[in-house]
Amino acid sequence: ANVRFDDPDASDGEIEFSFDAVSPVRVKGSPNDPGIQSVLTRALDQGDDLTYATPLFKGEHVTIWPRPVQHPIPYWGAAISEASFTRYGQLGWPILTFPANQPPALLKAQIDTYRRLYCESGHDPARMRIALTMFTYVAEDADEAHATFERGMAHYFGFLHHITTDAEVVQHHVYDSIPTTARLSGSPEQVIAPLRTLIDDF
């Protein structure tokens, strides 16, 4: 695989990449196109001698390790905006959402939208997958756990706040403070209770 991402930004509905076959090949199209997904999956699945370039990173002769365990490589959608919950429900993709500081009622409504559209679009409910990103720090001493968590998150979210200053208002708000809904910190006993609540509520 010698895949080069010439335009990895999908915000306009398309990505563009090229690779070497018998002769160099350039492909441009929607990342939701099954054909595009198939070509990328096969190329990346080989995992050797990978070359890529994005606005932030580039690499040459890269080997992907560890090797993918799942074949084909599954696609997961990052769901934060209303549009992303809707789109991935229609596509039948599993989702990874990041509740951050969203009110729990809003997150539940978004997940309900995803579930409804997933089923309405004819996808098998048994294959539905919903994952939440949770920031977690657990210690026997609850005060120590909370203090360590808040120090780490203040540093991390301060950096994200800086790099997303020009992002859309809704997205930027996700990164502007220490998470609440996505927070699990404290002693083991303290963490178990909200974790069970999350499972029950969502």
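This is a predicted model: local features need pLDDT of at least 70, side-chain atom pairs count only at pLDDT 80 or more; totals for chains, interfaces and linings use all residues.

1. Helix α2 spans residues 82-91, and its buried residues are Ser 84, Phe 85, Tyr 88 and Gly 89. These residues lie on the same side of α2, because they cover an arc of only 125 degrees around the axis. Their cover includes β6 (77-79), β7 (95-97) and α3 (104-120). Gly 92, with a positive phi near 80 degrees, follows α2.

2. Thr 181 belongs to the loop between α5 (169-174) and β10 (183-186). Its relative accessibility is 14%, so Thr 181 counts as buried. Leaving aside residues up to four places away in sequence, Thr 181 touches Pro 99, Ala 100, Asn 101, Gln 102, Pro 104, Leu 107 and Met 134.

3. There are four salt bridges in the structure. In helix α3, Asp 112 and Arg 115 are three residues apart, about one turn of the helix. They form a salt bridge whose closest N and O atoms are 3.9 Å apart. A network of salt bridges links Lys 108, Asp 112 and Arg 115.

4. Glu 120 and Arg 116 form a salt bridge at 3.4 Å, N to O. They are separated by about one helical turn because they stand four residues apart in helix α3. Glu 120 counts as exposed at 55% relative accessibility, while Arg 116 is partly exposed at 43%.

5. A salt bridge also joins the side chains of Arg 183 and Glu 150 (3.1 Å, N to O). This pair links distant parts of the chain, with Arg 183 in strand β10 and Glu 150 in helix α4 (residues 142-163), 33 residues apart. Arg 183 is partly exposed at 22% relative accessibility, and Glu 150 is partly exposed at 36%.

Note on methods: Residues are numbered from 1 along each chain as its sequence is written. Side-chain values use heavy atoms; hydrogens and water are left out. Buried means under 20% relative accessible area, exposed over 50%, partly exposed in between (1.4 Å probe, protein chains only). Helices (H or I, at least four residues) and strands (E, at least two) are DSSP runs, numbered from the N terminus. The arc is that of the directions from the helix axis to the C-beta atoms. Contact means heavy atoms within 4.5 Å.
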